[in-house]
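Hi,

Here is the structure for you to look over. My notes follow below.

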Amino acid sequence: MTMLTPRTPTTLAPPGGSRRERRAAELEARTRLAGERLAGISAGPGVQVLQSVDASRAGLTHAEAALRLERHGSNVVAREHAPRWYVQLAKAYWNPFIAVLVFLAAVMFWQDPADPGVVILSVMVGISGLLRFWQEFRSGRAADALKKLVTTTCAVQRRAGSGSAPTTFEVPMDQVVPGDVVKLAAGDLVPADLRLITSKDLMVGQAALSGESLPVAKADTRAQDLGQHETTDPVEADNLALMGTSVTSGTATGVVVATGADTWFGSMAGSLVGERPQTSFDTGVRRVSFLLIRFMLVMVPVVFMINGFTKGDWNEAFLFGIAVAVGLTPEMLPMVVSANLARGAVAMSRRKVVVKRLGAIQNLGAMDVLCTDKTGTLTEDRIVLDRHLDVHGNEDGEVLEYGYLNSHFQTGLKNLMDQAVIDRVGEAEEVVVDARFSMVDEIPFDFARRRMSVVLARNSLVGGVGPGEHVLITKGAVEEVLDLCTHVEDRGETVELTGQLRRHVTRIAEDDNRQGLRVLAVATRTIDGARSAYTVADEDRLTLVGFLAFLDPPKADAARALQGLADKGIAVKVVTGDNDLVAARVCADVGIDVGQVVPGSEIDGLDETELRALAARTTVFAKVNPVQKARIVRALQADGHTVGFLGDGINDAAALRDADVGISVDTAVDIAKESADIILLEKDLTVLEQGVVQGRTTFGNTIKYIKMTASSNFGNVFSVLVASAFIPFQPMLAIMLLVQNLVYDIAQLATPWDRMDEEYLRRPRNWDAKGIGRFMVTVGPVSSIFDISMFLIMWHVFGADSEAGQSLFQSGWFIEGLLSQTLIVHMIRTRKIPFIQSRASWPVMVMTVLAVLTGLWLPFSPLAPSLGFVALPASYFPWLIGVLLAYCTLTQLVKTWYIRRFNTWL
């Protein structure tokens, strides 16, 4: 919230378009406005910036700070909070299928308050919602527990009154206001958007905003501060330090020019709260639910009309129609889906994965494109010394030795590359070095020279470079060091640096740069005459020894993990804020076919159709900003892909939210974790691959239940239609239908514990409402063939051909219907031959046996009279076995034909 610059409007979304399009447009507009404002601040002189925020280098008074805090509010960005528990509970029941079940229960209660079906449906609805609510509620609490606050205070310079001397105070970060003068040191988190007033050797880690793996140098503004050339990207401005970044080395003082929602970070966060976009899981469940509801809305009236006209009892026809509606509805669907997802979440938690939103498990299994950042995912998120080369590009231990001496003896704060050089040398060698050399002086690093030097003396026990001689070792940027060199070390000899040789060594460094390496030059000079103090003027007439090349190395298991994802049918696209050379090098090292690397600047000029085509053929995007990352995700989704996004930075939040499944890590910034659906406790693609398998298993067991139940129920209702037209009594009482459904559905509660065939897990799986409908009308009527066969057997063989024998007829069809429904589960659960090539898990086997035994027991049980059953003769059971065997055989034949015809089963 700046003082004299305009605030960002509450909403910037253009009218019209979908909510998702408006949110994307608002994000783009907010970041553009914030970027333009910060670019203008960066371009202006420091004095002018101080005037614009009505501040001075001495800082605000306590009274001024209090007024500004009251006027502009706390320095916090918009963030998403978990809804109240009762809102979460209500959302757990917001499902079209649950609405149908509630409606059916209400109608049944209206007809007969004592109807046991009311209790049955109510229990199913209750358990389903509670399962979903409890798992998401627990996961939300676990995700909140992962948030680790890096720092809560910052150093601010304020005064007691207008004439008082400034004093530095530690104040809570949320109380920083525009115009405050903030002091930064190594390890500090930048609390707001700052225009640097003074800075010395300042290096800032901007990975959370830009994705760059290495810290960036900020301008030294102590001598002259006239602003810099205006840039369109405030992250690239070398006199700005932005909220969300951190200081890795150096010191600085800056004036706060924006806080809270008006910061660059806040401009992104403000558009990332509220209702989330629909994912493939949401869309798939809705389509399947409405498909089944449409079937019900067609079949139930037909059954009602046929029964009414043929039997003449419209009240009984209505009750039977309601029973058919229940029979046709996979009423356990919400519960089975919730149980499947909950079990998947528990299984993933054992693999160090926290699932915040249960639907994300299915999306993880359906994912066919994973967009990921490079740093920390493909790489180790640390800098290592990769090469130490002589002037001809060959490995040379002397170059490492000189580089180590420079890094080891410098007294300032060692940066990441200094530490990488030191880590390359063993502890034993470190002791030897300390014995061989003594520190004389150093010429510290500064950003104008872009190098630093140490001056050493060899200890007498080793012998020296000569009596009274010192060796100066310089390490720094290639161009700056090379400009000071007059000679090179060439195969043990010191030779003059000619123009040809200068071009040769420059090409060596450029070749390493093109391979994505950060290159430093190392040069030396032997200085005659013992002195105790040296200056920048002594960095002259140097001899180039060679080069040190650094990189963020690929993870050892990254290539294997990527191959594992590829084997699962998932294409990996790298979307990074780092530069194209580094991105290409890392991707090539882990086995990714890089192709052409597309920079983010190229995306801005494309419309959505062109971006879809580009995203489809591109594997690596570099130097992309948050808006561009989100556009890439949406372009892939528009092309029919289920997209996952793995990121941990502020610049990843928009893409995490737009993706079908947003994946972050426990070390991510808070906004990334809030935008994510899944949080990995280890930033590891191997863990992600295991999650994908779990997601596909979860989805497979869900779709298994839907297809088994929907096709079976459809077949039953089709059989009822035929029976209602030709039989002078109800083929089955309403209570029998409900009991049959209840026993079958209880048996299906074991479905989440079933295993999936390996072949099923090899490729992404998604909802296919059309395929489910086709499966219902193809496989469902197969059961009707044998239902009708049982009708004929009961009618002609056992004489149940009148109302007097209807109980026998109904009992015979009840057992055949329940057993065929239960046993056919094993035919449908796999595309292989059941029991021989693929066996169900033991929980499914146990529940199958219990369901069969229950079905056989009920007509002989004490409950039989109240349910309308009668005992069946012993001669019935050979006929039953024959019908079931014929049913299983025909189903296997139909399955074989169906797989050949449509190349799919589950």
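A crossing is right-handed if the near helix is turned clockwise from the far one by less than a right angle, and left-handed if anticlockwise. By that rule, α28 passes α31 in a right-handed crossing.

The model is predicted: local features need pLDDT of at least 70, side-chain atom pairs count only at pLDDT 80 or more, and totals for chains, interfaces and linings use all residues. Residues are numbered from 1 along each chain as its sequence is written, and side-chain values use heavy atoms, without hydrogens and water.

Helix α28 (residues 806-828) packs on helix α31 (residues 876-902) at about 35°, axes 10 Å apart. Axes are lines fitted to C-alpha atoms over the stretch in contact, and angles run from 0 to 180 degrees between N-to-C directions. Helices are DSSP runs (H or I, at least four residues), strands likewise (E, at least two), numbered from the N terminus.

Now the salt bridges (a side-chain nitrogen of Lys or Arg within 4 Å of a carboxyl oxygen of Asp or Glu). The count is 20.

- Lys475 pairs with Asp418, closest N and O atoms 2.7 Å apart. Lys475 is in strand β14 (residues 470-477) and Asp418 in helix α14 (residues 416-424), 57 residues apart.
- Lys629 and Asp652 form a salt bridge at 2.6 Å, N to O. Lys629 is in helix α22 (residues 626-638), and Asp652 is in the loop between β22 (643-646) and α23 (653-658).
- Lys704 and Asp754 form a salt bridge at 2.7 Å, N to O. Shared partners also join Asp386, Arg387, Asp512, Arg585 and Asp589 into one network.

Best wishes
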